[in-house]
There are 2 protein chains.
Amino acid sequence: MTRTNPSPDTADAESTETRVAVSTVIFSLRRDGDEDPRLVLPLVKRTRDPYEGLWALPGGWLDASENLDEAASRTLAETTGLSASYLEQLYAFGDIGRSPSRVVSIVYWALLRSDEVDAQSAAHAAAGDAPENVDWFTATDLPGLAFDHNAIVDYALWRLRNKVGYSRIAHGLLPDAFTLADLREVNEAILDRKLDPANFRRQVENSNTLIPTESFRTGSHRPARLYRYNQDVELADRGPLGRPRSHESSTT
Amino acid sequence: MTRTNPSPDTADAESTETRVAVSTVIFSLRRDGDEDPRLVLPLVKRTRDPYEGLWALPGGWLDASENLDEAASRTLAETTGLSASYLEQLYAFGDIGRSPSRVVSIVYWALLRSDEVDAQSAAHAAAGDAPENVDWFTATDLPGLAFDHNAIVDYALWRLRNKVGYSRIAHGLLPDAFTLADLREVNEAILDRKLDPANFRRQVENSNTLIPTESFRTGSHRPARLYRYNQDVELADRGPLGRPRSHESSTT
């Protein structure tokens, strides 16, 4: 793309040896019985080489006719049946040894609420097109994955944990109204450690990111106030300014 | 990379139509006479189509034998003669219309102190290999650039401005010891607006990111205390955890 390079129509063979793929990391929460919720993600079992039989992130090759985020949405849907209202670009992984052939993977990520996952799975089951070879795994307890996908998930976890500190990203895993205990459990699942309830309540109340509602959740415990997020705070890095978000506007 | 895709050795022609390039956004500060410092970046004039005669970000094609960050360092050096101790990945730009052919550009960025720029330029001038067709431009006052490079610079500016709020990224444009006025001027250049000196001093002192030294700068004004950054705070997103940073270790 500069004066020292051949123009695209005179490109030599070597520079076309690299292929572009997309992959997606979809985080959700799962709660089994009375256990604390766990951070989970969907993986796809590979049915051909390389890495036949191993689990891998959902993804596929970039098609020359689609934008990067469109490719991520399409391959996520094709392999898992899942869709997310917004996929955020995570990182481009392109080390020479990460695959038997030279592949640069543009990785996207998103958070999906468990009720969204359940609704999408139920719709596919009813339509008889439930995807095969897909399963959900605990993010902090993965088997050895294909390619460099363990390192990719580790990086996504690191970014998620960093973002919890300065954004309302946990909202992506919560319903519109939630209790402080709900929010703390989401943070505990993301950070993979327990938080002191009193300290957590104080920090959240001082942060000005929540708006208390007049509603309460009742049940076996004493009534707990429901909160909403302050919508003035950004949920996620929405990517480059001014780029058309055709995917977003068509699916949200 | 998933069960629904052909393995690389059976790839069809269509999926190899996309080529991978790298580009770099290098921000530095320039001060002309008594003027306030400006945020500047180097651009390279294109000498062939597409966009012959327009200015573009330094960059070039990814070689199949190098990692992404190595390609960014190499093409930055080849086109501008500049080197940075660490290039951080900014974003992968891959919209279908961004170039006459299908090109995904992995964009890296870095901050370079003006004394580093001057030293590198002087070394090239002395060796007689000063790069041609390179010039520095004010980041907020660019001409129409080749490809989508105006949008890329806008995004890099947006990321830089965001990072100023929660990291010590401005350190990348300052010497080891600096006055509060130096730091304020860097922040003003990045944010492209004036900051109130008293408010700025209070915020910085409350943030715990600076360590006062026992040294003072003297001159035409009253002596001003010199500060250092607290090294416990991270300078930049160092990329995925656990990835070998061969470039970094060989150049820092």
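Helices here are DSSP runs of H or I with at least four residues, strands are runs of E with at least two, and both are numbered from the N terminus. With that in hand, hello everyone, and let's start at B:Asn208, which sits in the loop between helix H5 (197-207) and strand E8 (210-217) of chain B.

Before going on, some housekeeping. This is a predicted model, where local features need pLDDT of at least 70 and side-chain atom pairs count only at pLDDT 80 or more, while totals for chains, interfaces and linings use all residues. Residues are numbered from 1 along each chain as its sequence is written, chains are lettered from A and ligands numbered from 1 in the order in which they are written, and side-chain values use heavy atoms, with hydrogens and water left out.

Back to B:Asn208. Its phi is near 65 degrees, a positive value in a residue other than glycine. Is B:Asn208 buried or exposed? For relative accessible area, buried means under 20%, exposed over 50%, and partly exposed in between, using a 1.4 Å probe and protein chains only. B:Asn208 has 62% relative accessibility, so it counts as exposed.

Now compare B:Phe147. It is not a glycine either, yet its phi is positive, at about 55 degrees. You'll find B:Phe147 in the loop between strand E7 (134-138) and helix H3 (149-166) of chain B. Its relative accessibility is 12%, so B:Phe147 counts as buried.

Next, the loop between E2 and E3 of chain B, where B:Pro50 lies. The peptide bond leading from B:Asp49 into B:Pro50 is cis, with omega near -5 degrees. Chain A has a cis bond too, from A:Asp49 to A:Pro50, with omega near -5 degrees. A:Pro50 is placed in the loop between strand E2 (38-45) and strand E3 (55-56) of chain A.

Staying with chain B, B:Gly53 is also in a loop, the one between strand E2 (38-45) and strand E3 (55-56). B:Gly53 counts as partly exposed because its relative accessibility is 37%. Which residues does B:Gly53 touch, leaving aside its neighbours within four places in sequence? They are B:Lys45 and B:Arg46, where contact means heavy atoms within 4.5 Å.

On to helix packing. Two packed helices are described by the angle between their axes and the distance between the axes. Helix H4 (residues 180-191) of chain B packs with H5(B) at about 105 degrees, and their axes are 11 Å apart. The axes are lines fitted to C-alpha atoms, for helices over the stretch in contact, and angles run from 0 to 180 degrees between N-to-C directions. H4(B) and H5(B) are therefore roughly perpendicular, a label for angles of 65 to 115 degrees, with under 35 roughly parallel, over 145 roughly antiparallel and the rest oblique. On the H4(B) side the contact is made by B:Leu180, B:Leu183, B:Arg184 and B:Asn187, and on the H5(B) side by B:Pro197, B:Phe200, B:Arg201, B:Val204 and B:Glu205.

Finally, chain A as a whole. It has six helices and nine strands, and 52% of its 252 residues count as buried. Of the contacts in chain A with a separation of 6 or more, 62% come from residues 24 or more positions apart. An unreviewed UniProt entry carries the annotation "domain: Nudix hydrolase" for residues 17-161 of chain A; UniProt positions are given in the numbering used here, feature names are shortened, and annotations may be inferred rather than shown by experiment. That span is 28% helix and 31% strand, and its end C-alpha atoms lie 36 Å apart.
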